[in-house]
Amino acid sequence: MSEWIFNRQDVEIFRYLLGFRSAKNAFEKMKATARWRKSESIDTILSEDFSQLFEPGKEEMLYLPPDSKGRPILLYRSALHTPGRVDPVLFCRYITQQTEKAIMQYKLGTEVESCVLVDRIGSGLKNQDPALLRELVPIILNHYPYQVGKVYIAPISPTFNVIWGILKLLLDESARKRFLLCDGDYTSTLLQDIPAELLPSTLGGELDVEDWLKNRRDLVKADVELAILEKQLDSSISKESISWANKPAKEEEIMGIAAVRVYIAELSDKEKEELGPWIAGIENNDILR
């Protein structure tokens, strides 16, 4: 069983109570999550590299900064998805990593809910993937209950109604109420909660997602590294500590590592080319040295 279960905040326990109705059921589900996290090595998933799954700028699912209600935006660009190109289990692992990043970066699940935005522009029947949904939905409902505040799907079409018919069967009534199916003037509907600068241009907003991803790639990686370092500062779990020659890093040394991470993220493209790939992939223990 993962040590995750011993470090839950009251608000996280409350989410399990909301999702599973009684203290007994909530505790059983939390134990199930702890077993799942251990068996699937979720506690160390942030260190895994999924960059080869997508071309730069073509990531199908990513987190954008918070909307007008403070909810980080999980964007899914369904037109980029080809069923079967990535094994559904591996794809779910990628999505799980993105969720764990948001937990670290935005305090998802302890301070805020997420806002899911499904961009269906250019999406058709060829992009629908029931096999992926069957893998993904139980993970979200069972292991991240009540983390999703709202799901916006735009625009809807007869093709979408096919996949919605399948998806509804996997959701309870409470979960179904969180979905907003946007038709007609969907841009105006979305702008009520999502600032224009964060709404993809495909949906009538100002954000060029591909350019944003390319420009932010190193900064996002640094944000995650800093979140992990912050966790290590607050954690008493020895196996999570940074060390060299059996000497754990002191608090001021971890802060120094964080500062170096920021410097690396701020390097220009020219500087990165001059310095080579080593510096971008350097480990925390190497920085400690």
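This tour moves through a predicted model, from the whole chain to a pocket and then to several side chains.

**The whole protein**

Begin with the entire structure in a cartoon view. The protein has 11 helices and seven strands. Of its 289 residues, 43% count as buried. Among contacts with a separation of 6 or more, 75% are between residues 24 or more positions apart.

**The second largest pocket**

Next, select Leu133, Leu136, Val137, Ile140 and Phe179, the lining residues that lie nearest the centre of the second largest pocket. Rolling a probe the size of a water molecule over the atoms shows where empty space is left. In this pocket, that space comes to about 930 Å³. The lining is made up of 44 residues. By class, 30 of them are nonpolar, nine are polar and five are charged.

Which helix gives the most to this lining? Select residues 130-143: this is helix H4, which contributes seven residues.

**From proline 130 to helix H5**

Now select proline 130 together with isoleucine 166. These two residues are 36 positions apart along the chain, and their C-alpha atoms are separated by 7.4 Å. Isoleucine 166 belongs to helix H5, which covers residues 158-169. Is isoleucine 166 buried or partly exposed? Its relative accessibility is 28%, so isoleucine 166 counts as partly exposed.

**Aromatic rings**

Turn next to the aromatic side chains. A search of the whole structure finds eight aromatic pairs. One of them joins tyrosine 16 and phenylalanine 20, whose ring centres are 6.0 Å apart. The planes of these two rings meet at 40 degrees, and the pair is therefore described as tilted: a stacked pair would need an angle under 30 degrees, and an edge-to-face pair one over 60.

Select residues 10-20 to display helix H1, which holds both tyrosine 16 and phenylalanine 20. The two are four residues apart, about one turn of the helix. The cut-off for a buried residue is a relative accessible area under 20%. Tyrosine 16 has a relative accessibility of 1% and therefore counts as buried. Phenylalanine 20 is buried as well, with a relative accessible area of 15%.

Then select Phe50, Phe54, Phe91 and Tyr94, which form one aromatic cluster.

Notes
Residues numbered from 1 in each chain as written. Predicted model: local features only at pLDDT ≥ 70, side-chain atom pairs only at ≥ 80, totals over all residues. Heavy atoms only, no water. 1 Å grid on protein atoms, 1.4 Å probe; cavity = no way out; pocket = protein on both sides within 12 Å on 5 of 7 lines; lining within 4 Å. Points joined across faces, edges and corners; volume = space filled by probe spheres on them. Nonpolar A, V, L, I, M, F, W, Y, C, P; charged D, E, K, R; others polar. Phe/Tyr/Trp six-rings, centres within 6.5 Å; stacked < 30°, edge-to-face > 60°. Buried < 20%, exposed > 50% of the residue type's maximum accessible area, 1.4 Å probe, protein only. Contact = heavy atoms within 4.5 Å.
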